[in-house]
Amino acid sequence: MPVEVVIKALFILAVVIGAFAPILTWVERKQSAVMQDRIGANRADVAGIRILGLFHPVADVIKLMTKEDVVPQGANRVMHLMAPLIAAVPAVISYAVIPFGAVYTFGAREISLVVADPDWGLLYIFAIGSIATYGTIMAGWSSNNNWSMLGGLRASAQMISYEVTMGLSVVGVFMVFQTLKLSDMALAQDSTFRLLGFVDVLFGVPLPAWLDWLRLPHWGIFVQPLAFVMFLTAIMAENKRPPFDMPEGESEIVAGYHTEYSGMRFGLFFMSEFIEVIVIAGLVATLFLGGWAIPYLSQETIIGAISPVLGVGFATGACLVLHVLTFFLKVIAMIWLQMALRWSLPRFRYDQVMDLCWKVLLPLSIANVFVTGLVLLTIQGGSA
Amino acid sequence: MTASVVFFYAFAALAIVSALGMVLNVRNTVASALSLVVTMVALAGIYVLLEAHIVAVFQIMVYAGAIIVLFLFVVMLLNLRTDDFAPGRQKLVKLAAVVIALVVLAELLRLLTTGLPEAPPLPEGYGGYAQVGVALYTDYVLLVEVSGLLLLAAIVGGLILAKRRIG
C-alpha cells in the first residue's frame, strides 16, 4: 500500500509542480497577450529555438535562483525567511485529497486514484487553506515595512472573510451529494438526472417516455449553479490574485506583503499563487464539474463497451486513462477560466471586496442552504 | 501502533515547546501568537491520533485558521511591536496561574503513580462528522443553541461598538 501512495503522490507532484505550475507562468503572459492583441513572451531561446517562448519559465527560475536573497534591516529574520514556505506548502499538500480518477479493479487489486481519501476531505482543504493565511501575514509583519504591514493586514481581513463564505457556499453541494468525501462526490456525479424530473416529482405528472432522454450530467454546476458562482468567487478571492489582489495592491501599496522579498523567496510566493490556481481548478472540477467523470458515459458503460472486444483488464486500463485525461482537461478548462477572469475584470476597491463578501455572498449562500434544504425535503422519496 | 506512538511524542513535544515559546515570548506579541498557532496545530495532530478527526479539522480551521488570525489582525492594526501591557499585569493573575499550574501538576503526578485506566473500544464511525453532528443536534442541542445565543450577543455588541465610533 505505501508504495502505491508514494507513486500517486509523486505523480501529482510531477504534474502539478513539475508541469502545470511552471507552464502557468508562461500561460498567464501568453493568454494576457492574446487577450490584449500582443505577441507576449517569446524571446527566451536555446540555440535559436524559441518554441512559442516556452523557455521563459526556465529562464525565470534561473534568474530567481541566482538573485540575492535580501533580508531587510530591522526585519524579524526567522519569520521573514519562513513566511514563503508557510505560504507555499499548504498549497502543495491540498492536492493530496483531490481525486484524479475513480476506483479501478484489476483482478484482486483495487487502485483508487487519490493520494489520501479521508471522509472529511473537503474540510481538510479548508483547514489547510486557512493555514496558508499565515504565510502572507508573517511576510507582511516581519518585513519591517509599512507597505508590507498594510498588505498583511488586508490579507488577514480578506482571507478570514472569504473563508467563511467559501465554506458556507458549498454547504448546498454536500447536502445534495450527502458526503464530504471528495472521491464519493466525484462518484455521485458519474450519472445523469432527468432535466424535467421535477415536474414528475412535484406535480405527480408522469413524463412521456421520450422525455426520459432529456438528461443532464448529475454535476454540481447543474444541481447547484448558484453555489458554483459563489464558490468560484470566494476561492478566487481567497487566492488573492487580481481582481482580488488587495494584499498586493500594486497601484496602492507597492507590492504589499512581498514588497521586501527578492530572489527565490519572492518566487515561492509567486509559485504558491499559481499552485493554488491549480488546486482551485481541481477542487472546482471535482465539486462542480464531475471530477474524472465523462458526461453521459459512466464507468460501467465504458468498461462494458470495451471489455467484450479487448478484455476486462484492458478496458479498465483504458477507462483509467480516459478518466485521468478528462480530469486534467477539466482542470485546464478551469485554469483558463481563472486566467480569463483575471485579465478581463478591473480591480475592486478594498471596501468593495469586503462588501461583496459580507453583504452579497454571505446572505446568498445562507439562502442557498435554505432553498437546497427545502428542495431536498420536497423531493425526498422521489428520484430527481 | 509504534508509528502512532512516535507521532504522539513528536506532536506532544511540539505542543510543549511551542506553548513555552508562547509564554516566554510574551514581550513579542506576534511571535507569541504564532507560537500559539503551532500549539494548536500540534494539538490537532494529537486529536487525529485519538481518532477525533472532525475535532482536529475544526481545531485547525477555527482556532489556528481564524481566531489567531484575528489576534494578529488586532496586534498589527495597533502596531504592537512589543507588548505594551506587559508591565502592568496584576499579581493576582500570576497567583491564579501558579495555583492552576500546581493543581494540574498534582493531578498529573497522581496519574503517574496510579496509571491510566484502559480505554473502552471506540464505537463505529467514532469521530466522523455524521456522528458528531448527530450528537450535537440531539443530546447537546441545548448547549448548541446557548452558544448560538452567546455568539448573537457578541455580534450585537460588536455592532453597537462599531456604530458608536462612527457616530
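**Entry 1: a helix pair in chain A.** I started with helix α1 (residues 2–35) and helix α2 (residues 56–66) of chain A, which pack at an angle of about 105° with their axes 8 Å apart. Helices and strands here are DSSP runs numbered from the N terminus (helices H or I, at least four residues; strands E, at least two). Axes are lines fitted to C-alpha atoms, for helices over the stretch in contact, and angles run from 0 to 180 degrees between N-to-C directions. α1(A) and α2(A) are therefore roughly perpendicular to each other. The cut-offs are under 35 degrees for roughly parallel, over 145 for roughly antiparallel, 65 to 115 for roughly perpendicular, and oblique for the rest.

I then listed who touches whom: α1(A) brings A:Pro22, A:Ile23, A:Thr25 and A:Trp26, and α2(A) brings A:His56, A:Pro57 and A:Asp60. Contact means C-beta atoms, placed from the backbone, within 7 Å. By class, I noted 4 nonpolar, 2 polar and 1 charged residues for α1(A) with α2(A). Nonpolar covers Ala, Val, Leu, Ile, Met, Phe, Trp, Tyr, Cys and Pro; charged covers Asp, Glu, Lys and Arg; the others, Gly among them, are polar.

**Entry 2: model and numbering.** I reminded myself that this is a predicted model, where local features need pLDDT of at least 70, side-chain atom pairs count only at pLDDT 80 or more, and totals for chains, interfaces and linings use all residues. Residues are numbered from 1 along each chain as its sequence is written, while chains are lettered from A and ligands numbered from 1 in the order in which they are written.

**Entry 3: further along chain A.** Next I took helix α12 (residues 299–310) and helix α13 (residues 312–344) of chain A, whose axes come within 7 Å and cross at roughly 140°. That makes α12(A) and α13(A) oblique to each other.

**Entry 4: where the chains meet.** How many residues does each chain give to the contact? Chain A gives 21 residues and chain B gives 18 residues. On the chain B side, α2 (29–49) and α3 (53–77) are the elements that give two or more residues. α3(B) has the largest share of that side, 14 residues.

Which way does α3(B) run against helix α4 (residues 121–142) of chain A? The two axes come within 8 Å and cross at roughly 20°, so α4(A) and α3(B) are roughly parallel to each other. α4(A) passes α3(B) in a left-handed crossing. The contact includes A:Phe126 and A:Trp141 of α4(A), and B:Met61 and B:Leu72 of α3(B).

**Entry 5: chain B itself.** I noted domain 1 (1–85) and domain 2 (128–167) in chain B, with bounds from an automatic or database domain assignment. Their centres, taken over C-alpha atoms, are separated by 23 Å.

Methods: Contact = placed C-beta atoms within 7 Å. Left-handed = near helix turned anticlockwise from the far one by under 90°.
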